[in-house]
Amino acid sequence: MTSLLITGIGELVTNAREAGDGSELGIVHDAAMVVERNRVAWVGEAARSPAADTSYDVGGRAVIPGFVDSHSHLVFAGDRSQEFAARMTGTPYSAGGVRTTVAATRAATDEQLAANLARHVAEMRRQGTTTVEIKSGYGLTVADEARSLAIAEQATRETTFLGAHVVPPEFADDPDGYVDLVTGPMLGACAPHAKWIDVFCERGAFDADQARTVLTAGMAAGLGGRLHANQLGHGPGVQLACEMSLIAVDHCTYLSDEDVSALAESGTTATLLPGVEFSTRSAYPDARRLLDAGCNVALASDCNPGSSYTSSMPLCIALAVREMGMSPSQALYAATKGGADALRRDEIGHFRPGAAADLVVLDAPSYVHLAYRPGVPLVSEVLVGGIG
Ligand SMILES: [Zn+2]
């Protein structure tokens, strides 16, 4: 067994209050970490660090837990840059754009889909993301959804069946027939490849009754429930997620006071996706309202070719701080521990002893630079299980 001492850490964010300065981020200055068997064995002040077999000095830079991106759609083909360009010159975003990607995804080979996914996961890794959730949802047939998830599970254990993304064109006159397909044969083919089930509960996609039907079937098949809701306007999705005690409800752009109260009481994580508001030129949600009410909040990229084609968690942090009212510390916590909580993962997103040694070395003296220096490639090294 080989142990590694990472030392010379100018600022270490542990996300463990008791391990650091008493703040939520649990910051330790002039810190060190010992990694054994891909796990954190010890964290503390460098002056008190135990001996290890090998050591690595990061030269005073800041170290943070790897980003946990709990919401992405990476199994797709095609390009929607022209749609983006049109939107930026006045055409509003609608859920129907998903169908463009569905057509391209169905036409792609398994190899093309797998290569495109691998390229995006590598792009995320370079930007500090060490855990990513990946959804299906651009196949919308039994075979295309099942292969999407089979491809996704090659890259992550956080796979989500999103057959209920939009109603495909061939079911335009029979949306309930499509829900029957999703909850029947499609669920049967997809559940073996999925950990989660998700529904796009929005005007133009699925209503609350349809969403409840899909989630109930998926949860009965052993999948965890999560939901896309309240992105394009006020709606019933957030209340449904809280009522069903889902682990997370994502978007939450339009929230009533009752929605905020329900989130605070249920403990369901509200996952905010600022790349969407940025890329659709929409109004941002007020994260401070959620945090002040005591809600659990996560930040994720929603990386997808239509409404948010960014894979950058640092960009999401900068936007959350600038546009959603988060402090830099709240945004970093939401992008790491918040994401881990939204995936019900205890061993990532923090550096308590026993946690995964998934860490990011920033080319900066403090994590605050993630928001202070937007657009700058500050992620200089990414170690997963202590290995770069
Ligand atoms: Zn999404």
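Reader: How many residues of domain 1 are in contact with residues of domain 2?

Author: Keep in mind that this is a predicted model. In it, 19 residues of domain 1 touch 19 residues of domain 2. On the domain 1 side, the elements giving two or more residues are strand 5 (62-65), helix 14 (369-372) and strand 16 (379-383). The residues on that side split into 13 nonpolar, 4 polar and 2 charged.

Reader: Let's move to a helix. Which residues of helix 6 are buried?

Author: Here's the general idea: an α-helix has 3.6 residues a turn, so residues three or four places apart point the same way. Now for helix 6: Gln 210, Ala 211, Val 214, Leu 215, Ala 217 and Gly 218 are buried. They take up an arc of only 165° around the axis, so they lie on the same side of helix 6.

Reader: And what covers those buried residues?

Author: The cover includes strand 9 (159-164), helix 5 (175-190), strand 10 (196-201), strand 11 (224-229) and helix 7 (237-243).

Reader: How many residues does helix 6 have, and what follows it?

Author: Helix 6 (residues 208-220) has 13 residues. From first C-alpha to last it reaches 18 Å, close to the 18 Å expected at 1.5 Å a residue. After helix 6 comes Gly 222, with a positive phi near 100°.

Key:
Residues numbered from 1 in each chain as written. Predicted model: local features only at pLDDT ≥ 70, side-chain atom pairs only at ≥ 80, totals over all residues. Helix = DSSP H or I, 4+ residues; strand = E, 2+ residues; numbered from the N terminus. Expected span 1.5 Å × (residues − 1). Buried ≥ 20, exposed ≤ 12 C-beta atoms within 10 Å, placed from the backbone. Arc of directions from axis to C-beta. Contact = placed C-beta atoms within 7 Å. Nonpolar A, V, L, I, M, F, W, Y, C, P; charged D, E, K, R; others polar.
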